[in-house]
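Subject: Structure handover

Hi,

Here is the structure you will be working with. My notes follow below it.

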Amino acid sequence: MIGGENRAPSGWRVAVLGGGAWGTALALAMLRAGHFVRLYARDPETVAAIDRGENPRYLPGIAIEPGIVATSDIKAALDGADCVLAVAPAQALRAMLAAAKDHVPNAVPLVLCAKGIERDTGALLSAIVENILPTNPVAALSGPSFATDVARGLPTAVVVAARDADLAADLAARFSAENLRCYSSDDLIGVEIGGALKNVFAIAAGAVTGASLGASAQAAMVTRGFVELRRIGAAFGARPETLMGLSGLGDLLLTCSSAQSRNFAYGLALGQGKPLSGLPLAEGVPTAAIAARIAAERQIDAPIITAIAAILDGTVTVRQAVSALMTRPLKTETDI
Ligand SMILES: NC(=O)C1=CN([C@@H]2O[C@H](COP(=O)(O)OP(=O)(O)OC[C@H]3O[C@@H](n4cnc5c(N)ncnc54)[C@H](OP(=O)(O)O)[C@@H]3O)[C@@H](O)[C@H]2O)C=CC1
Ligand SMILES: O=C(CO)COP(=O)(O)O
């Protein structure tokens, strides 16, 4: 725990639900911030590996320092927790919360750490929490942060959002440590939308690179993609300045420019015409489909999202999508 008068006292019992790359990295981050950490991984092999000081399936080559109590018993993980971090993939959140529901202590904050929109329902993840755990305040942690960077203790900045600004500030203070700087926000929806939609554009950026369309096309796609992100954000009530921040522009910059991003890597394979099966989690795949549906239903102009969804469902090729995007009617740039 580092000093500074805006830092709250530490020593919470933090339950981290999800033993993948991000759950493991956040468990380490919480440990370094001075908390008592229990990590729930449903796979006993992951638990055994973390006990040995590694998570080779999800964080190969990274040493897991001692102190995290790993368990595949979700009840034990949640017993007496002061705070819960939900770190399963977005499409698995509902199932994981259903398993956790009876064991989450009343009124403790539930912090969403996944980035996505539920594909079947169009629900934002906060709505799923509010539905399953109505007495637990919901927060979201998002921003440009590769699990490997955080696990290695490299300097990283994220944003922690909750509707209650005081709760967001308290969580941000408690989670911050020497190399994890947490900003706070009361724009929960804005932070969620930024994190969810950037994954779709990271796939698009990978596809542009994979199809060798050039750096100019890449910059155009990211810029116009950001316009679409802001349009959809506005439709959900997100504040524009939130989307200009870490969860939104910040995460777009990171994941649209690095093959370290699994979404970018997925798009790269797509653009190169390589097989997609067996690739790691790419949250942008289900989110593209539901974001395209939301845009169509709400009559939001989102041609890049729509194109990515069509490429992913095999309706059009990358080249056909690019051609369609380039021949759309001309317009003023400031029409957002
Ligand atoms: N990796 C990163 O750099 C970052 C990831 N995120 C976000 O965090 C979320 C999780 O990503 P990440 O950890 O990287 O994904 P991984 O693919 O690395 O791990 C997913 C984990 O979730 C577990 N899981 C899946 N379904 C369930 C379920 N129903 N109940 C309990 N556990 C389940 C998996 O368990 P099992 O092994 O048994 O399948 C696995 O441990 C995503 O939304 C991602 O966008 C956000 C910021 C950074
Ligand atoms: O969200 C992330 C970094 O902020 C991780 O991105 P990927 O899931 O694309 O690897």
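Helix 11 gives the largest share of the shell around ligand 2, with three residues. Keep in mind that this is a predicted model.

The shell first. There are 13 residues around ligand 2. Those that come nearest are Pro-144, Ser-145, Ser-261, Arg-262 and Asn-263. Two or more residues each come from helix 8 (188-210), helix 11 (246-255) and helix 12 (262-272). By type, the shell around ligand 2 has four nonpolar, five polar and four charged residues. Both domains take part: domain 1 (13-186) and domain 2 (197-326) each supply at least three residues to this shell.

Eight strands form an open sheet in the order 3-2-1-4-5-6-7-8. The pairing is mixed. Strand 3 (69-71) and strand 8 (180-185) are at the edges. Each has a single partner strand, so one side of each lacks a neighbour in the sheet. On average, neighbouring strands are turned by 25° against each other, direction ignored.

One pair in detail: strand 5 (residues 110-112) and strand 6 (residues 138-142) run parallel, joined by three bridges. Here Leu-110 stands opposite Val-138 of strand 6.

What does helix 11 pack on? The sheet: helix 11 touches strand 6, strand 7 (156-162) and strand 8. The direction of helix 11 makes about 150° with that of strand 7.

Best regards

Technical notes: Residues numbered from 1 in each chain as written. Chains lettered and ligands numbered in written order. Predicted model: local features only at pLDDT ≥ 70, side-chain atom pairs only at ≥ 80, totals over all residues. Near = placed C-beta within 6 Å. Helix = DSSP H or I, 4+ residues; strand = E, 2+ residues; numbered from the N terminus. Nonpolar A, V, L, I, M, F, W, Y, C, P; charged D, E, K, R; others polar. Domains from an automatic or database assignment. Pairing = 2+ DSSP bridges. Axes fitted to C-alpha atoms, helices over the stretch in contact; angles between N-to-C directions. Contact = placed C-beta atoms within 7 Å.
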